[in-house]
Amino acid sequence: MIENTFFQTTKNIEKAGAYYTDVEHCERLSNLFDFGTGDVCILEPSAGNGEAVKTITKNCINRKIFAVELSTEAYIGLKNDQDIFEAINCDFLQTKISHKSFSFCFANPPYIDDEGRMEIEFLKRIANYMSDGGILVYIVPYSIATNKSYLRTYLSKFEPIFEFRFDDAEYAKYRQIAFIGKRKTSSYDNDVLNEYLGRKKEDFPLIPKQWDKEKIIVGESKEENITFFTSLIFDEKLGYENLLKMKPQKNNLKNIAIEPFKDDELSNPPIMPNENSLYLLSTLGCGSGITGTAEDKDVHLQRGCAKIVKNTYQEENEDGSIDEVVRTSTQVSVTILENNGNITILE
Ligand SMILES: C[S@@+](CC[C@H](N)C(=O)[O-])C[C@H]1O[C@@H](n2cnc3c(N)ncnc32)[C@H](O)[C@@H]1O
């Protein structure tokens, strides 16, 4: 299939570009780098199953891989992978990540056009997150490797070190070229851009099977500098789960110096306080919490509530006429939710 046709297939868009980098090529790329002995924080913005980034950085003894992945299925694999330090399930273009914090990045972004080429949009964002001098390995198809807009972005943010093409059998699939560059801040020369624009497939050498030349030194980067590694989109379900873990009610009660319920100090069955005490307790927020004990199997959630109720009744006057009287009062109720699902309202 020719590359343009390949890009336009809806199948490719549906799959969100989910074809993983050939691991044998990653092995060969891994020979190029010297990661030293210090900490190296590694960014993988579209990690898939994580095998590619793990293979390329396999010689890094103190690595911390931070992975982003859009597919929830692939993300679950990353989350359970001991070699992945942190993973988030979201669109890389919707992330909040500390700037200038990664000294190494491997990316094989989705090769799709979705309001702009993803390879270019990813690159702009990656550049923000990498430290000066940080090393990038970026895999793109040949059509992007010689695309003016891509090259302008790449050359303005990275000092080119090498570019290699994949072996013929693998190249036939996606025409992949690996760019290896160093994050910089200076501008580029137009002659360099023109040279890249005119490159043919053969102008990109194959990824070497052995590497006897000087290795590319990867600098250190510290986890402490990565204060943000999160999605910009609020995940309601995850937010709720985390909120429950924080036990906000107990902690808030502690903050305002009110002792929350303690399981082992409760009488069983719970005795209803008198009406005035109930009202006070409920308005103070004390009438809420988990009560009962695990041993007695009667743990339940108790929540106090005070509401204004209106009672209407008829009153006979001396002359025999009838008046409708409305009385307003405060009614305090305690709702008990037991862990077996029973709901009891004490009033
Ligand atoms: C070409 S695959 C590469 C996977 C992996 N980097 C590798 O080299 O084997 C692209 C990956 O990007 C993911 N992806 C697609 N769109 C994404 C987005 N907007 N943000 C993050 N990941 C995305 C896909 O689910 C897929 O796993």
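Helix axes are lines fitted to C-alpha atoms over the stretch in contact, and angles run from 0 to 180 degrees between N-to-C directions. Helices (H or I, at least four residues) and strands (E, at least two) are DSSP runs numbered from the N terminus. The model is predicted: local features need pLDDT of at least 70, side-chain atom pairs count only at pLDDT 80 or more, and totals for chains, interfaces and linings use all residues. Residue numbers start from 1 along each chain as its sequence is written.

**View A. Helix α8 against helix α10 (residues 190-197).** The two axes come within 10 Å and cross at roughly 135 degrees. α8 is therefore oblique to α10 (oblique is what remains after under 35 degrees, roughly parallel; over 145, roughly antiparallel; and 65 to 115, roughly perpendicular). K148, L151, R152 and L155 of α8 meet V192, L193, Y196 and L197 of α10 (contact: C-beta atoms, placed from the backbone, within 7 Å). These contact residues comprise six nonpolar, no polar and two charged (nonpolar: Ala, Val, Leu, Ile, Met, Phe, Trp, Tyr, Cys and Pro; charged: Asp, Glu, Lys and Arg; polar: the others, Gly among them).

**View B. Helix α6 (residues 118-129) against helix α8 (residues 148-157).** The axes lie 10 Å apart at an angle of about 10 degrees, so α6 and α8 are roughly parallel to each other. E119, I120, L123, K124 and A127 of α6 contact S149, Y150, T153, Y154 and K157 of α8. Five of these residues are nonpolar, two polar and three charged.

**View C. Surroundings of C105.** Leaving aside residues up to four places away in sequence, C105 touches I42, L43, I126, M130, G134 and L136.

Conventions. Contact = placed C-beta atoms within 7 Å.
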